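Start with the sequence and the model, then follow the paragraphs below.

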Amino acid sequence: MTSVGVVAVSHSPALAEAAIALALEMTATGAPAVIAAAGTADGEIGTDAARIAEAIAEADSGDGVAVIMDLGSAVMSAELALEFVDPNLAERTRLVAAPFVEGLLAAVVRAAGGASLAEVAEEATGALRPKTDHLQSPTPDQDAAGAASAADEPPAPSDASSATATVRNVAGLHARPAAVIAGAVASFDAEVTLLRDDHAQRPPVSAASPIGIATLAAGPGTVVLIRATGPQAAEAVEHVRALIDEGFGEEPAEGQAPTGAAAPAPARVDPTPTGPIGVSSGRVVGPAVVLRRTVREPSASDRVPEDARDGAVSLLREASIRVAERYRERAASVTGQRRTVLEATADMATDPTLVGGVEALIRDGGLTPTRAAWQVSAELAEQYRAAGGLIAERATDLLDVRNRLIAELRGEEPPGVPDRREPFILVADDLAPADTVALDPAVCLALITEQGGPTSHTAIIARELGLPAVVGYPEATSIADGDLLLVDGDTGEVVVRPDPAAQATATGVITLPPFEGPGQTRDGHRVLLGANVGAPRDVARAVERGAEGVGLFRTEFCFLDRDTEPSIDEQVGAYREVFDGFAGQRVVVRTLDAGSDKPLPFLTNDDEPNPALGVRGLRTARRHPDVLERQVQAIARAAEGATADVWVMAPMVATAAEARDFVTLARGAGLATVGVMIETPAAGLTAVEVMREVDFVSLGTNDLAQYTMAADRQSGDLADLANPWQPALLRLIGMIGEASRDTSGTPVGVCGEAAADPDLACVLVGLGVTSLSMAARAITRVGARLGDVELVACRRAAEAAVSAADPAEAKAAARAALG
Amino acid sequence: MSTTISIDGFTAWLDAFRTRVTENKAYLTELDSAIGDADHGSNMARGMAAVMDKVGAAAPSTADELFKTVGMTLVTSVGGASGPLYGTFFLRFGMTAGSVSECDGPALAAALRAGLEGVVARGKAEANDKTMFDAMAPAIDALDSALASGASLADAVAAARDAAAAGRDATEPLVARKGRASYLGDRSAGHLDPGATSTAMLFDALAEVIAA
């Protein structure tokens, strides 16, 4: 094997030393001779040709020397040095026109791999390419040229081999893994190339070139195509595939466990999120649907010429018929009350009063069909509201008809979360909890938003629904409806109109086998593992994932996105649907948690200066006790005759008195097991008093973290503070666990995101938590982790985590204690 | 008046050059601070002090040995670009002068010309790049033409000195195209080039020694 030496010439001895240290870090095996020639003889800043000459002689072992210089006199001194060394040595010394740091890294890495002097020099000379590529996006022309050459590729020779591998390690194919790959391929008699699957139009890079590999900029989750030709092509491909798939022994990225069984990613803690961030695992392809909040008001001044008015009227009639058809299609896909409502709305779309009124404005006034529809429906809605009662409630439906009609006439997607039966990827500025009520994870494949950080609602919703998601994607909403998208919720990558090769890299959402209970530690300490359920449609998934009942049944779905309170009957039907899914199991129902980020027009005040600290959760009953009373009645009626063990709890409780009032109300309605959520530090600090009033408590760790740390959980900038591993939060939970023991074992559940983190779940159990409720998809992992450790280890992990200085230390200490 | 320059003369030349760069250390550095990294004066003073430490007490007896020592000393002690540039100049100068104890006018001119060529090879400078070349090249041209027209060595070297000074002054309006000053672009105009200035001192020193 050749052994090329490297000389680093710099004005500054400190710079040369640091750069050499950096370069040597990249060498996996057998570092080459790297000699510094920096500073003047008396240690001043400068270069010294005589010293460089000595360094060249020192670095040489007969295979030549690559000299990497910084600037100015370094170059001249190095040239002069060549006059001082033995002419034969000068002959095999290359002064390389490379950037100092990058060139030195490239030369050292390549020399470590046994490359020839020419290869080392070439690698160093091209060392600026990754940075150049990174900072300059290729022009379309270059891409086109690349595509053409790829298409013209000759057919693969018979000794060719190929495979794909997914990058697992958190840092991706950076310099060190690149060096490992380059070093590995050097030992095979094969020409190996690498190509990103999603950049199929670009030329492949040589796997012998660390710099080339680095230009792939392949982050975790990237699928890399490995191709080789030559006698040992198959062996080389397999070796490289294994290296990449095994993650180089580095820390795997979240959701990229090297075993290949990728797991869902918990919230990443990124204190300064910039650019797109993957927040929920999975890599999928689908057409974009851009969420529109409202329909633009049509121009009032546009006029349709007389001779075109018949045509305009025909367009309107056709559009109204299509809108009605869509309503009927949706009606057919649902049952009960929703079906009746949708059928009635379908009739409204072709109602003679509406359509006739619009026709008249087109024919007589020359208004455009969109403007005419806008005006007529505005007038009708006004009349509906004036009529009051049940008629008034239809005004909302009428405006929905109007929006859909105008969107249909414009060929746009109607506003609001699209109701589709074909799969799509939802693109939005940001998503509110209300938006997701209508979101069906069976047809919505992924989420992309412009706003939001790792702990934003979109991220939480996405993980809850098990949808891949990317947040913080600039100008997401300028993506056109129907554009095909490739979304990677691990890497944050979004490709608009991916080519077929890129599309083929979609791996979907990887799922683990369902959980097989019961939830318990290895030594048999029972911990109920339930699912969080946000709507009846989540039931099937929770059951399928092996949930032991429901630890959090959110009832907002009944209330959000509407102007009036649902009737008791409507509520009973909806709740019963969920209870029936869990015969013989526990279902913990949370009463309406409106306010703050989930406003309701009939219940909450939307001009609070501090909504998170305002009238939300149980507090809304201060002004509207009747809404809560009716809901509790509906829950009690739905529980009658159901075989599920129905528990009920109130959100956002701060005092024992509030807890007592709620218990009185719920027991009065006939509910047997009544509890409260502990989301405020106040309730946590008085947990003993609160527990004396209730049958159980459940910790909403998201809110408890937000209020304990005084850090908005939706703020990406404060994600490190709102981290559930904060020792302050864990100590508070520990106090609640103690209160449980002091009150003869009041059950303590956790239904926040913390329960879905396997290590944190064990810590929570160690702190005294008796049940965990989480997104259905997380149950398998949490159950497996818990079943792997003994209760005493959970307690040790809890002790270690609460005494840690910060979340990272808490996590590391807990992991160490869990083993 | 001498028609040759001996080893002692060379040593006196180097000492006179040392005196000039030392006395003008602050001035050269000030020139360099306007368009470079403010080290030319201190670098040259340090380099020439090291040279005189080496050769002042016991100078080698031949020109090639003497100037090899000078060149290598400058190379290892100056640090900045003037190290390899002046170092190359003196190394080539000595190689061309050869193993002799004195040089006549044409031999001196040939050695200086070789030194200039070394500077060009090292720095890749051309006329009007605002470098030491702009003082050195006209000086050696003037020396050659004076010797060719039969002038005495002293007159020829005086002509070289004047040409070097004129070349130095001509660098003031130029925009630098080499070295760190080139990063300044147009802002480098309006300043004398420090390298050309020290080169003019080199020829001033030579003229003084020859005239003595």
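Among contacts in chain B between residues at least 6 apart in sequence, 65% join residues at least 24 apart. Two residues are in contact here if their C-beta atoms, placed from the backbone, lie within 7 Å. This is a predicted model, in which local features need pLDDT of at least 70 and side-chain atom pairs count only at pLDDT 80 or more, while totals for chains, interfaces and linings use all residues. Residues are numbered from 1 along each chain as its sequence is written, and chains are lettered from A and ligands numbered from 1 in the order in which they are written.

Stay with chain B. It has nine helices and two strands. These are DSSP runs, numbered from the N terminus: H or I of at least four residues for helices, E of at least two for strands. Along the sequence they come in the order β-α-α-α-α-α-β-α-α-α-α. Of the 212 residues, 57% are buried. Buried means that 20 or more other C-beta atoms lie within 10 Å of the residue's own; exposed means 12 or fewer, and partly exposed lies in between.

Now pick out one helix pair. Helix α5 (residues 82–97) of chain B packs against helix α6 (residues 105–123) of chain B at about 145 degrees, with the axes 7 Å apart. The axes are lines fitted to C-alpha atoms over the stretch in contact, and angles run from 0 to 180 degrees between N-to-C directions. Residues of α5(B) in this contact include B:Leu85, B:Phe89 and B:Phe93. Those of α6(B) include B:Ala111, B:Gly115 and B:Val119. The contact residues divide into 14 nonpolar, five polar and three charged. In this count Ala, Val, Leu, Ile, Met, Phe, Trp, Tyr, Cys and Pro are nonpolar, Asp, Glu, Lys and Arg are charged, and the others, Gly among them, are polar.

Next comes chain A. It holds 31 helices and 23 strands. Buried residues make up 54% of its 819 residues.

Where do the chains meet? The contact takes 17 residues from chain A and 17 residues from chain B. On the side of chain A, α2 (49–59) and α3 (73–84) each give two or more residues. The largest share, five residues, comes from α3(A). This side of chain A divides into six nonpolar, six polar and five charged residues.

Look inside next. The largest nonpolar core has 152 residues, and A:Val6, A:Val7, A:Ala66, A:Ile68 and B:Leu143 touch the most other members. Such a core is a set of buried Ala, Val, Leu, Ile, Met, Phe, Trp, Tyr and Cys residues joined through C-beta atoms within 7 Å. Apart from this core lies another, of 115 residues, among them A:Ala659, A:Ala666, A:Leu699 and A:Leu729. In soluble globular proteins, nonpolar side chains tend to be buried together. Beyond four places in sequence, the contacts of A:Val7 include A:Ile35, A:Ile52 and A:Val67.

Turn to helix α26 (residues 701–709) of chain A. Seven of its nine residues are buried, so α26(A) is largely enclosed by the rest of the structure. Among the buried ones are A:Leu704 and A:Tyr707. Their packing partners include β20 (673–678) and α27 (727–742) of chain A. Just after α26(A), A:Ala710 takes a positive phi of about 50 degrees.

Finish at A:Ala813, in helix α31 (residues 807–818) of chain A. A:Ala813 is buried, with 22 other C-beta atoms within 10 Å. Beyond four places in sequence, A:Ala813 is in contact with A:Ala800, A:Ala801 and A:Ala804.
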